[in-house]
Amino acid sequence: MFARILRHEWRMLLADPAPWVLLAVLAASIGYGTLNGVRWTRFQEQTIERARAEERERLAQHDRDLQLIAAGEKKVAPAADPGNADSAGRRLATRYAVLPPLPLAPLTVGQSDLLPYYFRISTDSREAALAATEIENPHRLLSGRFDLAFVLIYVYPLFILGLAYNLLSAEKEQGTLALALSQPVSVRTLVAGKVTLRLLVFLVAIVLLAGMSLAAAGIDLSAPETSLRLGLWAAAAAVAVYGLFWLALAVAVTAFGRPSATNAAVLAACWLLFTVVLPSAGNLVANTLYPVPSRVALVQGMRVASDEANTRGSQLLAKYYEDHPELAPDSVERAMTQASLIRIATTADIERQIQPVLDTFGRQRASQRRVIAGFTWLSPALLMQHMLGDIAGTGTHRHERFVEQVARFHEEWRAYFLPRVFGGVRLERVTDAPQFAFEDESAPAVLDRTLPGLVFLLMLGLGISVAGGRALSRYPIVG
Amino acid sequence: MPTSNGSIWNTCTTEDDIMIGRIARKEFLETVRDGRFRVLAAVVLVLGLGSMAAGWSRYQDVQGQHQEAQAATRTQWLNQPAKNPHSAAHYGMYAFKPKSRLSIVDPGVDPYVGVSAWLEAHRQNEFAYRPAQDGTAAQRFGELTAAEGMLVLLPLVIVLLSFGAFAAEREQGTLRQLMSLGVARKDLLMGKALGVAGVVAAIVVPVTAAGVLALALTSEFGSPLRDASRAGLLVVIYLAYHGIITAVALGVSARARSSRLALVMLLALWFGNTLMAPRLAADLAAAWHPTPSAFEFQTALERELADQTEVRRSLETRRQEIVKAHNVATVEEAPVNFSGVSLQEGEEHANQVFDRHYGRLFDAYEAQQRVVTLAGAAAPLLPVRGLSTSLAGTDIAHHRDFVRSAEEYRRRIQRVMNDDIYRNSRAGVVYTAGPELWAKVPEFRYDPPGLGTVLAQQGWSLVVLAAWLVAACVFASRGVARLAAE
């Protein structure tokens, strides 16, 4: 009987153009979304490559100049002297700290179009180093990207709802439901048959399309990286459980025996609630409960601190020597110009003074993230966005890790150059200066973070299915 | 029984008016008595009011902080100790972007543009610190604002209200009954439209009232009257958009074979218009008018700034002019300081470079926005978004205008400082200026562009929107003219 239902449903599906139109739209969206993600990732990679090339050339030239000057074959003005540790560490020999996109980055643009993916590190204040941003039309940042994540979060549920919203109601409206159930078959078997067929169609479609988009993204599955394969499995699992949730929801809603149009309206409202209203409401709640102050407070704080520091410049230098006795010059003559020393001391003082302001920002942001984390349990769409961002490495988490590592690297950078400034040491090579290499989180650690979400969505989907199944047994076949 | 009645917009009689009123009343009551719609309307209403309140409190916070900071930066400038004017120019001032009052309704791109720039010598610094960078990933789902409620949620409510207007009546057989009563089709259409409008008004009127209240409560930051015309027009634009959505929904309902199909079609249209179109249009615009990467932009800028040939040439001319004017052998003997000239020439050269590069960038953004507006021919939300952010003073054009104003101010500081060096100092002599000079730089004031400028910028949006309104009404009336009872 089950097989007969399947066969019949398949014929019905073939005859109905609507599912195929939906499928075509989904396929086109997936293709376009993937290409868009790939284009953005390539753009980032290209920019990173350009920055690295510029750095390589500049540093090589720097070392060549140093050799020429040492050999007495070249003369330069003191301000442009490549051997001066202060100007080298601050301007001439700076390096880039780069967050390279992961292989799965084309999956979702995520926050990567908003948050900087490379910084130019110098001995100047950290705030100055971290202020870089990529150029993008702000209207585009506002409307968001048409990437694969957009398709998966918004379009894909609509596709499922479109397949399943009139599961039984259509037959009831055509008057064929009573006829079908006059045969030795239960409502549940009938629904199971209908759902199974849709699931099959849908799985075949997804596998084909996923293959298509992987090929379009140029992702090589035979690559040895296990992290890539783990990521793909996690993404597949996320897509599956997210789909399950929506399918279960559709079945549960149809189980109440309302007309197709009512089902469609209710499901549309649910979709709106989960994908639009709840995420933005979460955002609103987070912003209202824990408003992050305007950065203007920080700018002004820095200004006040630097005014104070500047008036006390020489005192600060003396104090700096007290704090860092190892840097104190054995003879004042060996120290470089007083000006750069005072600048370093004042910068350190400014940083100390604005730390409380920075801490406020950090605290509010952390609180906001906690609120949003709470909302992910209310909105599967928000949860999906977080999981995809984690898997693709374009979410907030990986970026924060990056910023933390950059902050540490900034300290290392200073630790390399500042003693040389204080000691009045002439640089011989700048290619020995520290280099930044981003240390990614291990794939299992990422999975650990994704797993609760996956399990939650699975349980939610199953729970709704069970409730829907119960409701089905009371399905009003007529009337 | 399809009848083609080409001109349904005949002169209205009083009886027609009564009929329209009756239909509207019936539609309105039916909706209001439906518990589901009461819930839906209540949710949209609460979201609208809540977002308005949140927008207001955010505005108060941020605007307060920015005004305070702007005053503080001025005080710091005035309280500088005696120093060389060029040191003062390096010390500079900060420009903090004021928040437009109507950002309470539509914050637009505010989260995605920087809030402050350092106005220092030699450099036009970019506006740094985009508020969105301090936000969470959830904000990429869109912020819950009054504009979002009016442009995204309410249209969906309208769709749910009106998809069955004709299709469901046909299914229930009541359409035949209505027609047998001799109800004119245009009356039917008008009645249905007014019924929807009544429900929409039940949501829009309180939200608008809340908006007016919110604006009025911000009066400590200048007169709210100045924004009244913008706010009024904003409401008109939103209502026009709701009119378009209602007309399209009724038109589809009249044509669709079943109410189910009408709903599915309208949901698809809503989705395409609201979520697909803005993204696709932005992609199209970016492909058409690409912007450079920040890295390329910076590299090109630095390269041109470093090229000093032009500066050297013009300095040589100025040197000769001064020598001739003062009738001296060398410029050092003249009763002026030539370094004032050379500093200012350096500024002028850099200004040209900045104007060229930033000008190109902003031109590209504006060209992109034009593409988006014209893509509005396919999706009416696009011109409406443009108009909404523009009237709220939160679009890229307003940001550009503020950036321009801040940059003009920065140049003014440089001119005053360099002019003082030129006139009052002598080469090789230590020179310091004091508070009188700092006070010569007037306070920074910014006046946002008037309504006329906005309308001129958004001319195409208005045209596209008007075209949509006409087309949607024609679509609805044609659909109803061909209405079949079964």
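The report takes the chain interface, then its salt bridges, and then a pair of helices.

This is a predicted model, in which local features need pLDDT of at least 70 and side-chain atom pairs count only at pLDDT 80 or more, while totals for chains, interfaces and linings use all residues. Residues are numbered from 1 along each chain as its sequence is written, chains are lettered from A and ligands numbered from 1 in the order in which they are written, and side-chain values use heavy atoms, with hydrogens and water left out.

**Interface of chains A and B**

With contact taken as heavy atoms within 4.5 Å, 71 residues of chain B touch 78 residues of chain A. The buried area, meaning the accessible area (1.4 Å probe) that the two parts lose on being put together, summed over both, is about 6800 Å², and carbon and sulfur atoms give 63% of this area. Arg140(B), Phe141(B) and Phe295(B) supply 13% of what chain B buries against chain A, more than any other three residues.

**Salt bridges**

A salt bridge here is a side-chain nitrogen of Lys or Arg within 4 Å of a carboxyl oxygen of Asp or Glu. The structure holds 49 of them over all chains, and five lie between chain B and chain A. Asp113(A) takes part in both pairs of the table.

| Salt bridge | N to O distance |
|---|---|
| Asp113(A) with Arg140(B) | 3.0 Å |
| Asp113(A) with Arg145(A) | 3.8 Å |

Because Asp113(A) lies in the loop between β1 (95–98) and β2 (118–121) of chain A, and Arg145(A) in the loop between α5 (138–143) and α6 of chain A, their pair ties together parts that are 32 residues apart in sequence. Helices (H or I, at least four residues) and strands (E, at least two) are DSSP runs, numbered from the N terminus.

**Helices α6 and α10 of chain A**

The axes of α6(A) (residues 148–164) and α10(A) (residues 226–254) come within 9 Å and cross at roughly 40°; axes are lines fitted to C-alpha atoms, for helices over the stretch in contact, and angles run from 0 to 180 degrees between N-to-C directions. Residues of α6(A) in this contact include Tyr156(A) and Pro157(A), and those of α10(A) include Tyr242(A) and Trp246(A).
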